[in-house]
Structures are given as structure tokens and as C-alpha cells.
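Biologist: I would like to learn how to read a model of this kind, feature by feature. Could we go through one together?

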Amino acid sequence: MNSYKIFTLVGGISSQSLNKKFYQSIVELGPDGFEFETFDISKLPFYSQDLENDPPDIVSEFKEKIRESDGILFITPEYNRSFPGVLKNAIDWGSRPYGMSLWDKKVGAVIGASPGNIGTFGAQHHLRQVLAYLNMHVLAQPEVYFNSSAAKDETTKQILTKYFKAFHELLELISGHDHSQAMNYKSQGLEDSPLAH
Ligand code: FNR
């Protein structure tokens, strides 16, 4: 099985963040065919056009992680029915300078946890809208909305295993390791979609 490097952006930055714990439980679950890495996005300065052509080292480091990854996993909390500003800030950094977005054609997946009953539904769907604009290939199904933090019980493990199997299939399809499927995809002219700007 091919293994994919997944750069994970976690939108929770507090020391006790549910979503940071959720990330840890995904790493511990260790779905087949994935290597996970994350980054403390709270260290990024606020995006400013004044900085984008000569960004601070931390931004360059962040951008290099996006560049060298095979796919991106977004783990988002829900703030006021959307995703947190700190995550939007990280996404904005990766999208600039104009015409040089690192998100373009990247394979991605969105997931999240909150203590509330809607389990980040609002956050995930706002985030998907942004990622669609950025021309990312985002896993459509299964959608997963967690209102708990850990992948400890059997049902949660099964849901996550299914989720990562689908993410792996999407990576195979778009990254071209599964050549028959990739050719089929390309023959539909989908590899030349315009830059999202
Ligand atoms: C929240 N929370 C929240 N939860 C939810 O389900 N829907 C929401 O719209 C909101 N809105 C919201 C706004 C703000 C400003 C805060 C601080 C919190 C609760 C939130 O899901 C909870 O604090 C999570 O624990 C946040 O995720 P992390 O930071 O623990 O990963």
C-alpha cells in the first residue's frame, strides 16, 4: 500500500484543545497508508500583504510543509458556526502571493470535534467552501462530525477507519498511483481546472 505524507492543520490551539486530542487519537489509531505531521499554526503572524514577499521564517517553514506533503487534513473546532480565525489565517498564508497558492490541486480532507451536538457541522461546511475556492480536491464522503474527542471506543474507530480508507482512495486517484483511475480522471479534462483566483 502506498503511504502518503499528510500535513495536518489543527484549528484548536489551547493547551487542552479537544481537536488537538482528536489529532493525537488519529495518530494513535494509525490508519494504514498515512504518515501524519502537524504544525503549531498559532505561531504564524497575522497575514499581511506587506509581509508576503519576504515572510518571516516561520511562514516559510509552514509553506514548505504544505509543499512537501501529499495531502492536507484539516481538523477544525467550531467557533460561532464557522471555523476559527487562526485556521483561516494559516490558509490565507498558504494561498499567497497571488497566483502561487500552495493549496491549488492539493488533496484534502476535513474533520472536527466539538462538545456540542452538531459536532462542527457549521465549521466544516464553511471550511469546505473556502477549500473549493482554493481548488483543492476535498474528500466529499464520508462526512464525520464528532462530539467527542477520542478514538477509543470501537464505533469511533470503525468510523475513522472508513474515513481514512476513503481519503486514501482519493489520494490514490488524484496522485496518480492508481494509474487506471487517474487516467480516467484526466481523460475527463479535470486535471486542467483553472487556478482559483
Ligand atoms: C465555541 N464553541 C462552539 N461549539 C459549537 O459546537 N458550535 C459553535 O458555534 C461554537 N462556538 C464557539 C465560539 C467560541 C468563540 C468558542 C471559544 C467556543 C465551543 C467549542 O466547540 C469548544 O470550546 C471546543 O472545545 C473548541 O475546540 P478546541 O479548541 O477545544 O479544539
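Biologist: Where does P97 lie?

Modeller: Helices (H or I, at least four residues) and strands (E, at least two) are DSSP runs numbered from the N terminus, and on that numbering P97 lies in the loop between α3 and β4. The peptide bond from R96 to P97 is cis, with omega near 5 degrees. Before going on, please keep in mind that this is a predicted model, in which local features need pLDDT of at least 70 and side-chain atom pairs count only at pLDDT 80 or more, while totals for chains, interfaces and linings use all residues. Residues are numbered from 1 along each chain as its sequence is written.

Biologist: Which other peptide bond is cis, with omega near 0 degrees?

Modeller: The bond from Q141 to P142 is cis, with omega near 0 degrees, and P142 sits in the loop between β5 (137-138) and β6 (145-146).

Biologist: How many helices and strands does the chain have, and in what pattern do they follow one another?

Modeller: There are six helices and six strands, and along the sequence they are arranged as β-α-β-α-β-α-β-α-β-β-α-α.

Biologist: How do I read pLDDT, and what is its mean for the chain?

Modeller: pLDDT is the predictor's confidence in each residue, on a scale from 0 to 100; here the chain has a mean of 90, and 87% of its residues reach 70 or more. Over residues 178-197, however, pLDDT stays under 50, and for that stretch the model has 21 contacts beyond four places in sequence, a contact being a pair of residues whose C-beta atoms, placed from the backbone, lie within 7 Å. Where pLDDT is low, the predicted coordinates should not be read in detail.

Biologist: Is T120 buried or exposed?

Modeller: A residue is called buried if 20 or more other C-beta atoms, placed from the backbone, lie within 10 Å of its own, exposed if 12 or fewer do, and partly exposed in between. T120 is buried because 28 other C-beta atoms lie within 10 Å; T120 belongs to the loop between β4 and α4, and its phi is near 75 degrees, a positive value in a residue other than glycine. Of the 197 residues of the chain, 32% count as buried.

Biologist: Which residues have the most contacts inside the largest nonpolar core?

Modeller: A nonpolar core is a set of buried Ala, Val, Leu, Ile, Met, Phe, Trp, Tyr and Cys residues joined through C-beta atoms within 7 Å. The largest one has 40 residues, and those with the most contacts inside it are L9, F22, F74, I75 and A90. At least two residues of this core come from each of several elements, including β1 (4-10), α1 (18-29) and α5 (154-175). Leaving aside its neighbours within four places in sequence, L9 is in contact with F39, I41, I72, F74, L87 and A90.

Biologist: Where is the place of K105, and with which residues is K105 in contact beyond four places in sequence?

Modeller: K105 is in the loop between α3 (85-94) and β4 (107-113), and beyond its neighbours within four places in sequence K105 is in contact with N135 and H137. K105 is partly exposed, since 17 other C-beta atoms lie within 10 Å.

How values were computed: Two residues are in contact if their C-beta atoms, placed from the backbone, lie within 7 Å.
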